[in-house]
Amino acid sequence: MTETLIDRLNKNGDRVYLLTGQRENTPLRQKVFEKYNYAYDDESVKDVFESVKPDITIFTGAWDSHFDWRRARQEAVRYSAALLNILTAYSMIGSGRFVYFSSQEVFSGNYAQNLPESGKESPIGFRGMAIAQGEEICANYHKKQGLEVRILRFDHVYWVPKRGQPEADPCCTMCLEALKSGRISASDRDVFSMLFVKDAVELAHKAIIAPEVRQPLYHISSMEEINGLQLAAMVQDAMGGGISVVDNSVGDYHRLVLDGSAFARDMGQKIFTSYQEGVQQVAQYMKRHAETFIRAEDTGGSFWDRFRHKLKVFLAAMVPYLENLVAFFIFYYLNSIAAGSSFFERLDFFLLYVLLFAVIHGQKQAILSSLLAVLGHLVQQAGIRSGFEVLLDYNTYVWIAQLFIVGLVIGYLKDQLRTVKQEDQDEIEYLETRLADIADINDSNVRMKENFELQLVNQKDSLGKIYEITSTLERQAPEEVLFTAVQILSRLMDCDGAAIYTVANRSFARLFSANSQEAKSLGNSIEYPAMTSMYEELKERRVYINKTMEEKLPLMASAVYNDGEMALIFMLWGIPWQRMTLAEANRLAVIGQMVQSAVVRASQYLDTLRNERFVENSRLMETKSFLQLARAFFRAQDQGLTDCTLLEVFVPDEDYVGASMALSRSARQTDYMGAAQDGVFYVLLSNTSIENAAFVVDRFRTAGYESRLIKGAG
């Protein structure tokens, strides 16, 4: 599952760091940004977390292939220690999200209905208890320390195994049984559901990257029932001829299917791989590579293969004893020769023999060599004296005692010396690995530092690039800044739609510019305090994220303040939901701060145009200022950033001041009035289409002034 998950994350463009869980540098088919070959319970794990500071940490738990559950008791302890060490390291960085992969093994027994997340755990066996305990540990970290922890329970995930590495899922187990024995034992009283690994990873990915979830625990299940006999029949068809199915339908009825309806409701669910397709992939692969799954000692092997394997194991175990026997006969012969020599008569070859094996192999072989030496000594003495004389000679017993004492003492010292050396070697290896770990982490930090430095220069959303782009606003004419700002906002946030609203008062905001129809969907005027969830965030000067995907609200929003008052509201649409994260919110906040001075200056300038550059206490703007503003609006309209309409109003006796005062009641606060150099009176309607301008023409007519639409004005 790990490699499939890495492949899915890579397709999403995520940067993947892999903690392998072992010292050996094992090959991996999928590409990762950085790989750390450390055990999960290694002290270096906390250094890795401090170095990487991951946004999301995924512990594959029940589906981690580095745990050998054949030794379930010992592995359960190692599993819990590994999870605790990783959670402790994760909690120390104080940020990010932790995801724990669990399985249906936390339940046992028979359930007539699909099991919801609220079902009480009832694990059987050390593996199931370890997985359930892992869930409890994660839940405690979530409750006690406030960490963002998500638990995903998968229902009987199965996949195509690696060569020679069969899995424990029902499909692979049946395929392996078919290869070894030519038959499959199955029961229709065993009911469950399965999920192919690619579907499991695809569904899990939704829960992993979701900005917010309704509950910390989800079941991921196909909820499609299948019994043992049905699965066996599928395996039989996929394997081809020569496979028989044995109906073993006896005993109690056992049904266990996880209820994944909560996940389907919150995340959406679609299963792409049917049982027939998934089983066929597994069965055909294992059949093609059957030689890697069947071993000589299996019942599927031939008699001679099994015999050779057992003989090999037996000979390997007997080698030290055979060495001892060969050495005994050599020393027995040497001792026989020395018995008739005056030069070697005081040399005890049996004692040398015992010392040799005590020094080399320790106490066990010293005892065996002592027994053989005593036997050899008695045989040799029996050829010289009678057996009765040998038994009555106290020197024989002294020699035997001496032999055993020397052998046992030397063997004990050898064992102790070996233990001390091993402990010293272990400590040296530990310190060396710690030194290597620090060196590796430092090298990794250097590479990441160089990579991030390169990003700072080249990446489109680096601070250098953001400053380069936003600084162009300072060079824009004030009346064009807000139009340019919406383009820059959309470009830097990499979204399809952006809008800028100017706050008119404490109740309403007016759309100034937008670059898509979706960005204009809220309308030209909004009562922003009524948008409660967004307003509560904006008034606290936080970035709003539409986590509940409310249709009438933008996906993200941020406010710009001027003198403590909300002046502008930035709104974004068309952002992929997986990018609605804290990192994107921080980016929007940074961009807002960098464009703040320019847009506030532009907004103040427009207010000045509207409130100060007027003629004789009216809304009639000076000719030069009005023409400059009108040209800016129409240039923005040509770029699709706003809608505006220019009306020509017929004013009797050229009383433009009186006309502006009379029409003020029929015009909006964001509309502009001015007289051109040719003496024609104009009204610029901001954010108004040609269709909506017809209503303004009717209002002007009611006020006593005829007007007409000017098309193609610039």
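How many nonpolar, polar and charged residues are in the lining of the largest cavity? Let's start there and then look at the rest of the chain.

## The cavity

By class, that lining has five nonpolar, two polar and one charged residues. (Ala, Val, Leu, Ile, Met, Phe, Trp, Tyr, Cys and Pro go down as nonpolar, Asp, Glu, Lys and Arg as charged, and the others, Gly among them, as polar.) The residues lining the largest cavity are Met-194, Leu-195, Phe-196, Ser-222, Glu-224, Ile-271, Thr-273 and Tyr-275.

The structure holds one cavity of 30 Å³ or more, and the volume of the largest is about 40 Å³. On a 1 Å grid over the protein atoms alone, a cavity is a set of points where a 1.4 Å probe fits but cannot get out, and lining residues have an atom within 4 Å of a point. Grid points are joined across faces, edges and corners, and a volume is the space filled by probe spheres set on the points.

## What you are looking at

This is a predicted model, where local features need pLDDT of at least 70 and side-chain atom pairs count only at pLDDT 80 or more, while totals for chains, interfaces and linings use all residues. Residues are numbered from 1 along each chain as its sequence is written, and side-chain values use heavy atoms, with hydrogens and water left out.

The protein chain has 22 helices and 24 strands; these are DSSP runs numbered from the N terminus, helices being H or I with at least four residues and strands E with at least two. Of its 714 residues, 45% are buried (buried is under 20% relative accessible area, exposed over 50%, partly exposed in between, with a 1.4 Å probe and protein chains only). Take the contacts between residues at least 6 apart in sequence: 68% of them join residues at least 24 apart. Contact here means heavy atoms within 4.5 Å.

## Rings meeting rings

The model has 26 aromatic pairs. Rings of Phe, Tyr and Trp (its six-membered ring) pair if their centres lie within 6.5 Å; planes under 30 degrees apart are stacked, over 60 edge-to-face, and the rest tilted. Trp-63 and Trp-159 make an edge-to-face pair, because their ring centres are 6.2 Å apart and their planes stand at 75°. Trp-63 sits in the loop between β3 (56–59) and α3 (72–93), and Trp-159, 96 residues apart from it, in the loop between β6 (157–158) and α5 (170–181). Trp-63 is buried at 10% relative accessible area, and so is Trp-159 at 13%.

Phe-101 and Phe-154 are edge-to-face too, with 4.9 Å between centres and 70° between planes. Phe-101 belongs to strand β4 (residues 97–103) and Phe-154 to strand β5 (residues 148–154), so this pair ties together parts 53 residues apart in sequence. Phe-101 is buried at 1% relative accessibility, and Phe-154 at 0%. Elsewhere, Phe-328, Phe-329, Phe-331, Tyr-332, Phe-350, Tyr-353 and Phe-357 form one aromatic cluster.

The charged end of Arg-541 sits over the ring of Tyr-561, 4.1 Å from its centre (the rule wants NZ of Lys or CZ of Arg within 6 Å of the ring centre and within 35 degrees of the ring normal). Arg-541 is in the loop between α18 (532–539) and β17 (544–545) and is exposed, at 57% relative accessibility. Its phi is positive, about 60°, although Arg-541 is not a glycine.

Lys-53 is another non-glycine with a positive phi, about 50°. You'll find Lys-53 in the loop between α2 (44–52) and β3, exposed at 54% relative accessible area.

Note on methods:
1 Å grid on protein atoms, 1.4 Å probe; cavity = no way out; pocket = protein on both sides within 12 Å on 5 of 7 lines; lining within 4 Å.
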